[in-house]
Amino acid sequence: MGATHLPSTEFDGTEMDDQLEAEAEAQLGDPAEPMVQLLGPDGTLGSDPVFSKYAEKLDPDTLRGFYADMAKIRRFDVEATALQRQGQLALWVPLTGQEAAQIGSGRASQPQDYIFPTYREHGVALTRNVDLAELLRQFRGVSNGGWNPKDTNFHLYTLVLAAQTPHAVGYAMGIQRDQKLAAANAVASGEAGQAVEPNAAVMVYFGDGASSEGDVHESMVFAASYQAPVVFFCQNNHWAISVPSSVQTRIPLANRAKGYGFPGIRVDGNDVIAVHAVTEWALERARDGHGPVLIEAFTYRVGAHTTADDPTKYRGSAEEGLWRAKDPLARLEKYLRAEGLADDSFFEQVRADGDELAAYVRKTTHDLETPDIRTAFANTYVEAHPLVAEELAWFEEYSAGFADEATADEASAEEADTVQTDRAAR
Amino acid sequence: MTTMTIAKAINEGLRATLSNNPRSLLMGEDIGALGGVYRVTDGLIAEFGADRVVDTPLAESGIIGTAIGLSLRGYQPVCEIQFDGFVFPGFNQITTQLAKMHSRSNGNLTVPVVIRIPYGGGIGSIEHHSESPEALFAHTAGLRIITPSNPHDAYWMIQQAVDCQDPVIVFEPKRRYWLKGEVDTETPGASADPFKAHVLREGTDATVVVYGPLVPVALAAAEAAAEDGHSVEVIDLRSISPIDFDTVTASVRKTGRLIVAHEAPTFGGIGGEIAARISERAFHSLEAPVIRVGGFHMPYPVAKVEEDYLPDIDRILEALDRALAY
């Protein structure tokens, strides 16, 4: 065991051989691997030859907004976890620890961009103005979606890992065709050179676990071949439920992009300023027609995979402690305070806003209505379908039979009452 | 009226779609310069360009997955899967994503993707090139499945599939690609509804239900049966999901006997579904149990013995004898 390595006791007695331990350490952040970082864990702003200019554009309001969003979504996460513990949600997928990766990237997107999340991107949903109460529909079991993606260009959560990655590339291929059609139409109508729709890009989220899925590979091949305007945003949160990222990859995930022929960048996923800068760069690049980028946000899932998971079975608290020290909120708070950009009253207000959101979400969740199964019959197909119609007709008849029974029960109850009354009168 | 093969009819149908519908496009392996391994897309890339006739990387999940994304952006992709046995790398995208998108979005999203799959055996090919996996898809709600058996249907059904707002899989009977027939490119006529079965030959003693590659086989069997004095009605199902049970039921009420034949294995197949539904709908009209004729419960056998596997005229006549014996 090397002197620089953590003592095994800090891994809850889990024994690892030297090689595995070295690998685990590499996963925790090998300083030899380049990683874009602007705001360090100590709250001081560093510089980067490419990305500092993006950070310099951020005004104090935006920086405070980053913090407010991160705090809001963390508060939401706590509330949703509590709702699950109280039986109000079937399951919850916590994001704590990944706030900077999600808020930083989400806020770098433009309204015309289209976002494909996996299922933990509640922070991105917030930046896309998705009603967070709607987000809980899926976890309460009243919808498999919950919101209309057309309203916010934020697609539904996808639970089959990585299945949304080719959708993102296809959507981006559609954007390419739209631009060509618009240009051709402009020429045809003699309006060439006039402003058309702003260029759009697609961003798709997945994790270190999903990176092993074939769909990620196929998507990257398609994206590279057609130079599709898509940003692959991989949140490497180090754990695919219980399996560490060292089982998914032997090299930094960002390096895989090189094999496909487009840039890959590892960014400190707990540094909201760097994440925002890198994502803004990548999306601009995609919108301008320069093809895909892979961003690996190096972050950590501080909590459990889901509320059904037990991380104590597979990882030590020391590791979690190391990452808590890199907390995305704490470092931005330090920076904002040190620069005099925010004071106690700001942080107090953020807390109050978070509690207000939590109260709203709690109330709305309780009020979420259970849908009628008839909507499932109605939404299986767009166009009329004889089998669905036949089964629905059967279901209606079957249900009506219970209604008759209920009426009959009511009638017999009334009859019984009458008998009682008659007896009493006697 | 023009005479053409099924392959040419699909080619012409795709050409009409690309001409009439600016948001339609074709995607698949080798569909560009080569025109597809069966030349079904022959000449289309020259006419419509590489943005609308897209030679894709060799990745079926990627083809279906990107087609879903294109459809979410308002496009109507028609994907070619090179052979039946190669659809399975795309099976996840078809069953968990394509089939469910409209439902899971509470009706907000539509994904009108068309998937063309050459299917069936009888071409003496190597493994994975002769399969009939239609039941695997028919079992998945959200998909529609149609299969033409003649050039006129082929010409219209591919266009109707693109027009349909639901995802549609078109199973193309590959051993009949070179079957010639009359095509009316002006009007679909009786083929206006792709989900309706057609009675191809009327009869009174028994009904034989078939689709795709077995349609000519069933018609020949009916001809042979007529020489023996048996009047056989032949129905081309055309749509495997949904199934036009009304047409089948009406026929069975008349004939009292039903034989369903397909190349796919009988176990868990479309024939079993038809047998069950008809026994519910027309129990008192049945003079005999519904008899299935199909492939055996084995992987599709090697080409040299596929004649022993595939339902042929004699297998259908043997089933007819059994039905008539009741």
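**Talking through the model**

A: A place to begin is Asn106(B), which counts as buried because it has 20 C-beta neighbours inside 10 Å. Please keep in mind throughout that this is a predicted model.

Q: Where does Asn106(B) lie in chain B?
A: Asn106(B) lies in the loop between α5 (101–104) and β5 (114–119) of chain B. Asn106(B) also has a positive phi of about 55 degrees, although it is not a glycine.

Q: OK, and what about Asn153(A), what is its phi?
A: Asn153(A), which is not a glycine either, has a positive phi of about 55 degrees. It sits in chain A, in the loop between α8 (149–152) and α9 (164–188).

Q: Why does Asn153(A) count as partly exposed?
A: Asn153(A) is put in that class because 19 other C-beta atoms lie within 10 Å of its own, and a residue is buried if that number is 20 or more.

Q: Staying with chain A, how many helices and strands does it have?
A: The secondary structure of chain A comes to 18 helices and seven strands. Of the 426 residues in chain A, 42% are buried, and among contacts between residues at least 6 apart in sequence, 77% join residues at least 24 apart.

Q: Switching to chain B, what is the span of helix α8 (residues 215–227)?
A: Helix α8 of chain B has 13 residues and reaches 19 Å from its first C-alpha to its last, which is close to the 18 Å expected at 1.5 Å a residue. Just after α8(B) comes Gly229(B), with a positive phi of about 90 degrees.

Q: Which residues of α8(B) are buried?
A: The buried residues are Val215(B), Val217(B), Ala218(B), Ala221(B), Ala222(B) and Ala225(B). They are on the same side of α8(B), because they cover an arc of only 155 degrees around the axis.

Q: How do α1 and α7 of chain B pack?
A: Helix α1 (residues 6–20) and helix α7 (residues 151–163) of chain B pack at an angle of about 30 degrees, with their axes 8 Å apart, and the crossing is right-handed. By class, their contact has eleven nonpolar, three polar and one charged residues. Among the residues that meet there are Ile10(B) and Leu14(B) in α1(B), and Tyr155(B) and Ile158(B) in α7(B).

Q: Is the peptide bond from Ser241(B) to Pro242(B) cis or trans?
A: That bond, from Ser241(B) to Pro242(B), is cis, with omega near 0 degrees. Pro242(B) is found in the loop between β12 (239–241) and α9 (245–255) of chain B.

Q: Last topic: how many residues does each chain put into the contact between chain A and chain B?
A: The contact takes 34 residues from chain B and 38 residues from chain A. On the side of chain B that touches chain A, the largest share, nine residues, comes from α3(B). By class, that side of chain B has eleven nonpolar, 19 polar and four charged residues.

Terms used:
Residues are numbered from 1 along each chain as its sequence is written. Chains are lettered from A and ligands numbered from 1 in the order in which they are written. This is a predicted model: local features need pLDDT of at least 70, side-chain atom pairs count only at pLDDT 80 or more; totals for chains, interfaces and linings use all residues. Axes are lines fitted to C-alpha atoms, for helices over the stretch in contact, and angles run from 0 to 180 degrees between N-to-C directions. Helices (H or I, at least four residues) and strands (E, at least two) are DSSP runs, numbered from the N terminus. A crossing is left-handed if the near helix is turned anticlockwise from the far one by less than a right angle, and right-handed if clockwise. Two residues are in contact if their C-beta atoms, placed from the backbone, lie within 7 Å. Ala, Val, Leu, Ile, Met, Phe, Trp, Tyr, Cys and Pro count as nonpolar, Asp, Glu, Lys and Arg as charged, and the others, Gly among them, as polar. A residue is buried if 20 or more other C-beta atoms lie within 10 Å of its own, exposed if 12 or fewer, and partly exposed in between; C-beta atoms are placed from the backbone. The expected span of a helix is 1.5 Å times one less than its number of residues. The arc is that of the directions from the helix axis to the C-beta atoms.
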